[in-house]
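Please work through each task before reading its solution.

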Amino acid sequence: MKLFINPEQSAWGEIIARPAMQLAEVMERVKPILAAVKEKGDEALAAFSQQFDGAVPENLAVNASDIENSGDLLDDGLKKAIEQAAANIEKFHLTQVSPEDSVTTMPGIVCWRRSVGIQKVGLYIPGGTAPLFSTLLMLAIPAKIAGSEQIVLCTPAGKSGTIHPAILYAAKIAGVTDIFQVGGAQAIAAMAYGTESIPAVYKIFGPGNQYVTAAKQLVQLDGLAIDMPAGPSEVCVWADESANAAFVAADLLSQAEHGVDSQVLLVSNNEALVHEVEKAIEAQLEALPRKAMAVAALENSRAVVMEDPLAALRLINDYAAEHLIISCVQPLVLAEKVVNAGSIFLGNYSPESAGDYASGTNHTLPTNGYARAYSGVSVDSFVKKITVQQLTEKGIQQIAPTVIAMAEAEGLQAHAEAVKIRIASLKK
């Protein structure tokens, strides 16, 4: 990690910069894939499976019996872990569902909102370096709670030619309705445009590599909704002298092992702690199977010593981390001052791993600084808010002068007449 000591604000841009993404170049490679799937459907999916994966699945749709029996291929410990995580995620997300009260804005005028689940949603789950069945729980459970009628999952088969049973088991208990063996940008295209086998959806969710990210952004230009802009995963740890250096190192490495383009940022008021963390990282790296990946990610990472706590807070808010761990005295007080973060973890015993898997909060979060304007995935991500209003005879009479005056001032006479004709009918 590159170290900065009490940097001037002019240097903050370098500190909070994310690894560069060559998205424009990737998009040019992805466009022909989208076009081919849009035009040729399943035929194109088969060709891309052969090209990228070296094999074509016998059937795109996963056999119902494979889904039903997926738990038989998992040990009881993992099954119980998935079930416990699912229960916690469901419990947390159920609290996000509440009836909305109607409001009488004027006598005779009542307004309210309805939450309606997006009917068809698509979930993409990578199957490359890690089968992210935890992400499937994070997406499918709130979709089911929201009332989505069709939850479509696309995920590539592994090297064995089959989908990891943990993904199938998570899909089964989370309420996924359709599962297809297809990955990459072509899977995004299939869910966006529909093929003979895969239904088109109204909104696509889920992480992926740069090709999947580019595909999601391109189909968005065609009018399809996506969960949020995405970049490499990241964590910021804010630590003071009360922090445990070994814990901090473990948190930084748990993020760094995600991928070579991941990033970690350590902010502390204590230079000695930073050096302790660096030593702990070196020691813990040796035991990691994904050491090479973590080392590459650490090259994109920074440690910053800032003795001024207000300056540290400004830097952290400017960075807008996907995950923010506050390992400081009175972490709750500091957290109240954080305005830009995807998810916050308080104290020495709240690792990012807990939120990534099983505490209950959602781990699908804004990256790349998008936490300045975006929230993480929630039940609201899977619903539309439809406003409703009802005016009585008294209500239209009450509001008529206001509407007529505003419509005529904007030169929209037909709007005004739509009110006048009703008022005139009441005078007969």
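**Exercise 1.** In which hand, left-handed or right-handed, does helix 6 pass helix 7?

*Solution.* The model is predicted: local features need pLDDT of at least 70, side-chain atom pairs count only at pLDDT 80 or more, and totals for chains, interfaces and linings use all residues. Residues are numbered from 1 along each chain as its sequence is written, and side-chain values use heavy atoms, with hydrogens and water left out.

Step 1. Helices (DSSP runs of H or I, at least four residues) and strands (E, at least two) are numbered from the N terminus. The crossing of helix 6 past helix 7 is right-handed, a term for a near helix turned clockwise from the far one by less than a right angle.

Step 2. The axes of helix 6 (residues 133-146) and helix 7 (residues 165-174) cross at roughly 15 degrees and come within 9 Å. Axes are lines fitted to C-alpha atoms over the stretch in contact, with angles from 0 to 180 degrees between N-to-C directions. The two helices are therefore roughly parallel (angles under 35 degrees).

Step 3. Contact means heavy atoms within 4.5 Å. Helix 6 contributes Phe133, Leu136, Leu137, Ala140, Ile141 and Lys144, and helix 7 contributes Ala166, Ile167, Ala170, Ala171, Ile173 and Ala174.

**Exercise 2.** Describe how helix 5 is placed against helix 7.

*Solution.* Step 1. The axes of helix 5 (residues 76-94) and helix 7 come within 11 Å and cross at roughly 40 degrees.

Step 1. Helix 5 passes helix 7 in a right-handed crossing. On the side of helix 5 the meeting residues are Leu78, Lys79, Ile82, Glu83 and Ala86, and on that of helix 7 they are Ala166, Tyr169, Ala170 and Ile173.

**Exercise 3.** Which residue caps the N-terminal end of helix 9?

*Solution.* Step 1. The cap is asparagine 209, with a side-chain oxygen 3.0 Å from the backbone nitrogen of tyrosine 211.

Step 1. After helix 9 comes glycine 223, whose phi is positive, near 100 degrees.

Step 2. Buried residues (under 20% relative accessible area, 1.4 Å probe, protein chains only) of helix 9 include Val212, Leu218 and Val219. The buried residues pack against elements including helix 2 (23-40) and strand 4 (120-124).

**Exercise 4.** Is serine 301 buried or exposed?

*Solution.* Serine 301, in the loop between helix 12 (291-298) and strand 11 (302-305), is buried, with a relative accessible area of 1%. Leaving aside neighbours within four places in sequence, serine 301 is in contact with Met1, Lys2, Gln263 and Val264.

Note on methods
Buried means under 20% relative accessible area, exposed over 50%, partly exposed in between (1.4 Å probe, protein chains only). A polar contact is a pair of N or O atoms within 3.5 Å; within protein, one must be able to donate a hydrogen and the other to accept it, and residues adjacent in sequence count only if both atoms are side-chain atoms. Angles under 35 degrees count as roughly parallel, over 145 as roughly antiparallel, 65 to 115 as roughly perpendicular and the rest as oblique.
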